Amino acid sequence: MTSISLDNAAKRFGRVTVLNDINLDIEDGKFCVFLGPSGCGKSTLLRMIAGIETLSDGELKIGGQRMNEALPAERRVAMVFQNYALYPHMSVFENMAFGLKQAKTPKDEITNRVNEAAHILQIENLLERKPKELSGGQRQRVAIGRAIVRQPAVFLFDEPLSNLDAALRVHMRTEIANLHRKFPEASMIYVTHDQTEAMALADKIVLLRAGDDVIKKGSIAQIGSPLELYHRPQNLFVAGFLGSPS
Ligand code: ADP
Ligand code: MG
């Protein structure tokens, strides 16, 4: 059970409401993309699911269970960040093993899982290197590997490809789609501001918009498959953002 649901969720920072009235369901094993312009609250929403931010209102369920108060480690989620967030003084192997060591996973098991993830991502020959000896694409593979070894029920990606050059971005996008095929049970939530990326990857798109008043309130503009959003936009914002005829 890896379904995720948010019921009337909101997030406030002090007096500023950045997300309001968020209702959504992500079914087991689906690839869901949070799409929208910069500042609309995509990362905040992802961080609430990860347990890095609390909800100010509403309820979060993962696998049918209320998770509002659960610690990040209890949520069976693994997050991949835009800036990779690797430990610079550790080797690739140690970076991938770190979370498992913390969780007191047996040593043999750690070695097996790291080797398996390295194989999937074709970075077996980089395990002894330090992050500074890697290209951007290789670093992002290590960051993805670090998520895979934890065998999460839910993968969370926050603009993982936006620091890569255009050609590599297209290549890595295919790899992320393959990853979804390799772990069909896991749900994936992928944050991006790039509609092409969203169209290529998503089973379901959650298109967010930022509020236009001083007290910004990010909200959901439309939820649907890529084709639904493109061919049947429910409002001008959706039509404009996806560039479809309205
Ligand atoms: P996105 O990822 O879509 O670009 P974010 O979720 O990063 O958007 O931010 C949404 C809004 O919340 C922005 O206006 C941002 O400035 C604000 N925000 C994010 N984190 C904090 C924070 N810790 N404190 C105050 N405001 C924040
Ligand atoms: Mg963001």
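# Reading the labels on a predicted model

Tutor: Four strands form an open sheet in the order β2-β1-β4-β5, with antiparallel pairing. This is a predicted model, in which local features need pLDDT of at least 70 and side-chain atom pairs count only at pLDDT 80 or more, while totals for chains, interfaces and linings use all residues. Residues are numbered from 1 along each chain as its sequence is written, and chains are lettered from A and ligands numbered from 1 in the order in which they are written.

Student: What makes β2 and β5 the edge strands?

Tutor: Each of them, β2 and β5 (65-66), pairs on one side only. Strands here are DSSP runs of E, at least two residues long, and helices are runs of H or I of at least four, both numbered from the N terminus. Two strands pair if DSSP finds at least two bridges between them.

Student: How do you know that β1 pairs with β2?

Tutor: Strand β1 (residues 4-13) and strand β2 (residues 16-26) are joined by 7 bridges and run antiparallel. Among the bridge partners, Ser5 has Asp25 and Phe13 has Val16. The two strands form a hairpin with 2 residues between them, and Gly14 in the turn has a positive phi of about 60°.

Student: What joins β1 to β4?

Tutor: There are 5 bridges between β1 and β4 (residues 57-62), and the strands run antiparallel. One bridge partner in β4 is Glu59, which faces Asp7 in the pairing.

Student: Why is Leu161 called buried?

Tutor: A residue is buried if 20 or more other C-beta atoms, placed from the backbone, lie within 10 Å of its own, exposed if 12 or fewer, and partly exposed in between. Leu161 has 25 such neighbours inside 10 Å, so it counts as buried. Leu161 is found in the loop between β7 (154-158) and α5 (166-182).

Student: Why are the buried residues of α1 said to be on the same side?

Tutor: In α1 (residues 42-50) the buried residues are Lys42, Leu45, Leu46, Met48 and Ile49. They cover an arc of only 155° around the axis, which puts them on the same side of α1. The arc is that of the directions from the helix axis to the C-beta atoms. Just after α1, Gly51 takes a positive phi of about 90°.

Student: What is Ile49 in contact with?

Tutor: Leaving aside neighbours within four places in sequence, Ile49 is in contact with Ile4, Leu60, Val77, Leu156 and Ile189. Ile49 is also among the residues with the most contacts inside the largest nonpolar core, which has 68 residues. Such a core is a set of buried Ala, Val, Leu, Ile, Met, Phe, Trp, Tyr and Cys residues joined through C-beta atoms within 7 Å.

Student: How many residues surround ligand 1?

Tutor: There are 11, and the closest are Phe13, Val18, Lys42, Ser43 and Thr44; the criterion is a C-beta atom, placed from the backbone, within 6 Å of the molecule. Helix α1 gives the most to this shell, with 3 residues.

Definitions and conventions
Two residues are in contact if their C-beta atoms, placed from the backbone, lie within 7 Å.
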